[in-house]
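Biologist: Hi! Could you walk me through this model? I'm new to reading structures.
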Amino acid sequence: MLEIKNIHKSFGQNEILKGVDLQIDKGDVVVILGPSGSGKTTLLRCINFLEKADEGYANFGDINVHLKTASKKQIHVIRQKTAFVFQNYNLFNNKTALENVTEGLIIGRKVPKAEAAEIGKKALDKVGLSEKYDAYPSQLSGGQQQRVGIARAVALNPDIILFDEPTSALDPELVGEVLTVMKNIAKEGTTMLVVTHEISFARDVANRVVFMDGGMIVEEGPPNEIFSNPKEERTKQFLKRVLPEDYIYYI
Amino acid sequence: MDFKFLVDTFFVALSGVPTALIITIISLLIALPLGFLLALTRINQIPVLQRFAQVYVSFIRGTPVIVQIFIVYSSVPLFLTSIFEKYHIDKNVYDINPIWYAFIVFSINTTAIMIEIFRSAISTVSKGQLEAAYSVGLTNVQALRRIIIPQVLVTALPNICTATVNLIKATSLGYAMSLQEITLRAKVAANVGYNYVEAYIDIFLVYLILCSLVEYLFKRYEKRLSKYKIAHA
């Protein structure tokens, strides 16, 4: 469904992505792991054109786009097919929870207001915020804000949702509620590409884990294979640091 | 103290309020959008324009308003005369109402102040919200109008209020180009019987009332705009 080929991206002298290929099928939940600075977030941002890649193609089913020279119209089409969940939620502070969710529907996709409100309420119900339609972001906890962020993405009914470290900015006790919501929408068959440090999420929910380092994909495969039997030395080192000591035995 | 004169002249000074207000409103109408756009050029580092905005702000902020008035009031008529002669327009430049010069000076001046006000206000709205707006399919203009500007306005409003009050007070300098505003009218009335103290008290009161009213209106507007900040209150 989504195929990315040979993405390159540099910031000045600093080459962040050195030719990344990735293929995602419908219904896949793909988790990208890797040390910070390995280019995970940049990869996600390039797919949504929040950064302009220096080289590479994205193939979305029927359309093939050269990432560097994409026209405004092509960018718009790709953004219609994708949704983004940000590390810092990035909710619109001047809008209520419901307005945050419906903004993209009404303005971006020209859905009639009443219909958009219905879709928006359903999306907020799904993330457990039925009581908070009219709350402003400043009245919500971090976990609630991120759940609005997820509802905003879900409501657009995209082909794929891109999650950029959705729990990294949260207090530890709020991480659980967001991960639960993500698990639920994964169960519904939503295609997801997730950058995260939550190993348990990768283990329990992903059907494929991608390990990135130094701007390249080092290794990828099903979670139990990557976690219990990594082939590359670099992957082993990384997992040794992030996995609980007894995880290998526990498997 | 001549109380009758004090009361009479109060109304004379008051009759200059419309002039002061029109200059203020016209200047704001020009300076607000222009200042916002030029602030954007600075934040987005648009090559030539951002440099222009920078130099412009330095020039205007670094010179007294009264000097700017003198420059415009003496140079624009010369410029116009040569144009009138060239195109054979039969019009005397000295018939032009000085209020037009006031529009020019105070618009130029206020624009510079607005650039700086908006520059700091825009930077308080996270870039992430703009990215989120793009990611849900909003265009640049839609994102600015619906997400960024409403928030920028709330942050900028106290400073815009200060700038507006300063602008109202600065219109008193219009007397230097014989503009029929508050200060000049009261001063002229005082010339007859040398009742300067009474006239100055009147001028003082009129500005005080006018500026307090404007401040009050801004406060109310700010309250209405910032309803989304309830939780912080």
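Biologist: How many salt bridges are there across the interface of chain B and chain A?
Modeller: The rule finds two salt bridges there, a salt bridge being a side-chain nitrogen of Lys or Arg within 4 Å of a carboxyl oxygen of Asp or Glu. One of them joins the side chains of A:E103 and B:R146, at 2.4 Å from N to O. Keep in mind that this is a predicted model, where local features need pLDDT of at least 70, side-chain atom pairs count only at pLDDT 80 or more, and totals for chains, interfaces and linings use all residues. Residues are numbered from 1 along each chain as its sequence is written, chains are lettered from A and ligands numbered from 1 in the order in which they are written, and side-chain values use heavy atoms, with hydrogens and water left out.
Biologist: And how many residues does each chain bring to the contact?
Modeller: Chain B brings 21 residues and chain A brings 24; contact means heavy atoms within 4.5 Å.
Biologist: What area is buried between them?
Modeller: About 2000 Å², with carbon and sulfur atoms giving 59% of that. Buried area is the accessible area (1.4 Å probe) that two parts lose on being put together, summed over both. On chain B's side, B:S135, B:V136 and B:Y228 supply 29% of the area buried against chain A, more than any other three residues.
Biologist: Which helix of chain B gives the largest share of the side that touches chain A?
Modeller: Helix 6, with seven residues. Helices here are DSSP runs (H or I, at least four residues), and strands are E runs of at least two, numbered from the N terminus.
Biologist: New topic: where is B:S27, and is it buried or exposed?
Modeller: B:S27 sits in helix 2 of chain B, residues 17-43. B:S27 counts as buried because its relative accessibility is 0%; buried means under 20% relative accessible area, exposed over 50%, and partly exposed in between (1.4 Å probe, protein chains only).
Biologist: What does B:S27 touch?
Modeller: Leaving out residues up to four places away in sequence, B:S27 touches B:F103, B:F106, B:S107, B:T110 and B:L167.
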